[in-house]
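This briefing covers the fold and a few selected sites. Please view the sequence and the model together.

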Amino acid sequence: MELWSLMHFLMPNVFESHREFKEWFSNPVTGMIEGNSEYNENIIKRLHKVLRPFLLRRLKSEVETQMPKKYEHVVMCRLSNRQRYLYDDFMARAKYVSFFL
């Protein structure tokens, strides 16, 4: 259903009906149960043909070379009194549970 929604959004004239989409790609589980590998390969090939124009597999560094590199900044902050209480309570329960395992 999600794949059809995406394809309907991208190409509404081609993928008008969810029922037709299901018929076109049929149910791959039946082919798997019956052990029909040709059936499954045909479905996969169909999906690849349809999806290929919409897939981009590039890294940001390949697309935009002037972008600065990412930096990670770690900001340490204290827990509030309530957070500290909840954290200590959780850790005490975790120790209690691990003791019995």
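Contact means heavy atoms within 4.5 Å. The model is predicted, so local features need pLDDT of at least 70 and side-chain atom pairs count only at pLDDT 80 or more, while totals for chains, interfaces and linings use all residues. Residues are numbered from 1 along each chain as its sequence is written, and side-chain values use heavy atoms, with hydrogens and water left out.

**Overall**
- The protein has six helices and zero strands, where helices (H or I, at least four residues) and strands (E, at least two) are DSSP runs numbered from the N terminus.
- Of its 101 residues, 10% are buried, that is, under 20% relative accessible area, with exposed over 50% and partly exposed in between (1.4 Å probe, protein chains only).
- Among contacts with a separation of 6 or more, 28% join residues 24 or more positions apart.

**His8**
- His8 belongs to helix H1, residues 2–10.
- Its relative accessible area is 29%, so His8 is partly exposed.
- Neighbours within four places in sequence aside, His8 contacts Phe15 and Glu16.

- Met7 contacts Pro12, Phe15, Val50, Leu51 and Phe54, leaving aside neighbours within four places in sequence.
- Leu6 lies in helix H1 and is partly exposed, at 44% relative accessibility.
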